[in-house]
Amino acid sequence: MATIKSTDETFDTLLKENKILLIDFFDTWCGPCTQIAPTLEEISEEMKEVTIAKHNIDEEPNLPTKFGVRGIPTMLLFLDGELKSTKVGATPKSDIVSFIKENL
């Protein structure tokens, strides 16, 4: 499964329909965001139980504001509709996988 797009309007549906949801807040001008994008695609293929959604902060500013996102990339991990953990910054694939597994 490839990463999917999150919008302010679709977020609640994504939250309800996915047991494990990782939202990546990003923007196209953000170097570290573009660095981790291929990594998130790989993780979405390898960890089928995790839905990874990308949320563009400029196009869809309400959700980042709601969750107090101050820097990007910021990843929010939700389990059964509840926010479990937050990870800020670009990190290696192994760190992102560990972050997910530690919070399941």
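Among contacts in the protein chain between residues at least 6 apart in sequence, what percentage join residues at least 24 apart? The figure is 70%, with contact meaning heavy atoms within 4.5 Å.

## Model basis

This is a predicted model; local features need pLDDT of at least 70, side-chain atom pairs count only at pLDDT 80 or more, and totals for chains, interfaces and linings use all residues. Residues are numbered from 1 along each chain as its sequence is written, and side-chain values use heavy atoms, without hydrogens and water.

## Overall fold

The protein chain has four helices and five strands. These are DSSP runs, numbered from the N terminus: helices are H or I with at least four residues, strands E with at least two. The order from the N terminus is β-α-β-α-β-α-β-β-α.

The C-alpha atoms fill a box of roughly 30 × 30 × 20 Å along the principal axes. Of the 104 residues, 51% are buried (under 20% relative accessible area; exposed is over 50%, partly exposed in between; 1.4 Å probe, protein chains only).

## Helix α4

Helix α4 spans residues 93-102, and its I96, V97, F99 and I100 are buried. They sit on the same side of α4, because they cover an arc of only 155° around the axis, taken from the directions from the helix axis to the C-beta atoms. K101 and E102, on the other side, are exposed. The buried residues pack against β2, α2, β3 (50-56), β4 (74-79) and β5 (82-88).

## Residue D27

D27 lies in the loop between β2 (20-26) and α2 (31-46). D27 counts as buried because its relative accessibility is 3%. Not counting residues up to four places away in sequence, D27 touches C33, N56, I57, D58 and I72.
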